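Biologist: I would like to learn how to read the features of a protein model. Please show me the structure, and then I will ask.

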Amino acid sequence: MKKSILILLLLSLISLTASSQTLNSFSVGKKQYEEIPNFTLDYRLDSLLVVKNYPAFLNKIYSKDRSALHPKELYSAAVYFDEINQPDSTFNYLSIFLKVAADDRSILFHDYFPNLKKNNTYWPMIINQIEKNYLKVIPDVENKELALQIFYLTIEKYRTELPYADLSIQQWDSITKKGKLNQQRKENIINAINGIIEKYGFPTMQMVGKFAVYQSYNILEYTNQLVKYYPEVNQAFLKKRIEPELYAQITDKYLMLKGKKQLYGTLFRTGTKYDKKYPGTFILSPVKNFKELNKRRLEMGLITIEEYVKQHKNENLVIPEEYYK
């Protein structure tokens with residue numbers, strides 16, 4: 001009984017604070033959509049929530065100044081309030097999270113907030129704000145609708161790559177169901193990217209912005225469509241509508257898939273004949289006319305291969321000395 005009273009008291013206090021707190025006191029988080037993320041930032045639940053120690057979790061949240069809460073804490077609080085079906089508080093914490101988080105795609109990626117999703121008022125507002133946040137970082141693109149379509153495709157791609165992303169706990173042991181779900185998603189992604197390229201050609205910087213262009217490349221690679229659509233990429237580059245750096249990466253990947261040597265030295269790999277000499281490293285994949293590599297790289301706006309390896313020394317990249325002979 002005492003525990004229940006404590007929870008209700010804390011809920012009342014937090015909800016009261018939430019309704020009176022303005023968002024203006026929170027510093028705006030820098031969104032990372034224009035970078036090349038390899039994954040959606042995973043705001044995992046607070047460990048106290050995992051063990052369902054709700055009084056301790058609420059005490060921790062309430063003991064902090066609201067503007068000092070970490071995005072993870074805001075996200076976890078929203079998940080908790082949704083679990084107990086408190087839509088006002090769920091919406092409030094998610095709204096703050098959307099303002100300060102570096103990457104808010106986790107709201108769409110994870111299968112949380114089932115109660116808020118049933119709310120015809122709050123959930124559309126959350127979706128609208130997520131889309132607005134993304135479009136703010138690409139204000140001058142020609143086709144915002146297409147940029148958003150690719151934005152959602154990347155989320156579907158992440159869902160197929162990370163198992164059980166939207167399955168409930170009761171479904172985690174269903175390998176067959178997960179496999180069928182991911183296969184269906186992959187087929188949907190293939191159909192979508194095919195439709196996009198057939199209608200618009202390969203998406204370009206001017207058309208959809210940097211993030212969507214890089215993600216379009218990742219989707220083509222993921223769906224094994226890169227060789228098929230490389231001519232479209234080449235045409236976009238010739239029209240100066242793709243960054244030389246990205247074109248170099250795509251070209252090297254295309255050549256590798258065709259069983260040829262790369263041109264620009266953007267690819268490293270493990271499992272080569274140099275493994276015994278350079279154990280635990282990533283070896284520069286074979287390069288055509290290695291002596292001219294840096295000249296080609298500079299023409300594409302890339303630093304020399306030696307400078308690149310030096311900048312990424314923590315990644316154990318190696319250029320076999322045999323390449324220089």
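Modeller: We will go through the overall build, the rings, the charges and one surface patch. This is a predicted model, in which local features need pLDDT of at least 70, side-chain atom pairs count only at pLDDT 80 or more, and totals for chains, interfaces and linings use all residues. Residues are numbered from 1 along each chain as its sequence is written, and side-chain values use heavy atoms, with hydrogens and water left out.

Biologist: How many helices and strands does the chain have?

Modeller: Helices (H or I, at least four residues) and strands (E, at least two) are DSSP runs, numbered from the N terminus. Here there are 16 helices and three strands.

Biologist: What share of the residues is buried?

Modeller: Buried means under 20% relative accessible area, exposed over 50%, and partly exposed in between, with a 1.4 Å probe and protein chains only. Of the 325 residues in the chain, 47% are buried. A contact means heavy atoms within 4.5 Å. Among the contacts in the chain with a separation of 6 or more, 66% are between residues 24 or more positions apart.

Biologist: How many aromatic pairs are there?

Modeller: Rings of Phe, Tyr and Trp (its six-membered ring) pair if their centres lie within 6.5 Å; planes under 30 degrees apart count as stacked, over 60 as edge-to-face and the rest as tilted. A search of the whole structure gives 19 aromatic pairs. One of them is Tyr134 with Phe151, which is stacked because the ring centres are 4.5 Å apart and the planes are at 25 degrees. Tyr134 belongs to helix 8 (residues 122–136) and Phe151 to helix 9 (residues 144–161), so this pair ties together parts that are 17 residues apart in sequence.

Biologist: Are Tyr134 and Phe151 buried or exposed?

Modeller: Tyr134 is buried, at 0% relative accessibility, and Phe151 is buried with a relative accessible area of 0%. Elsewhere, one aromatic cluster is formed by Tyr54, Phe57, Tyr80, Phe81 and Tyr93.

Biologist: How many salt bridges does the structure hold?

Modeller: Side chains of opposite charge can pair when their charged atoms come close. A salt bridge is a side-chain nitrogen of Lys or Arg within 4 Å of a carboxyl oxygen of Asp or Glu. The structure has nine salt bridges. In one of them, the closest N and O atoms of Lys64 and Glu73 are 2.6 Å apart; Lys64 is partly exposed at 34% relative accessibility, while Glu73 is buried at 8%. Asp103 and Arg105 also meet in a salt bridge, at 2.4 Å from N to O, and both residues are buried.

Biologist: Which parts does the salt bridge of Lys253 and Glu221 tie together?

Modeller: The two side chains meet at 3.1 Å, N to O. Lys253 is in helix 14 (residues 244–257) and Glu221 in helix 12 (residues 210–222), so the pair ties together parts that are 32 residues apart in sequence. Lys253 is buried at 14% relative accessibility, and Glu221 is partly exposed at 28%.
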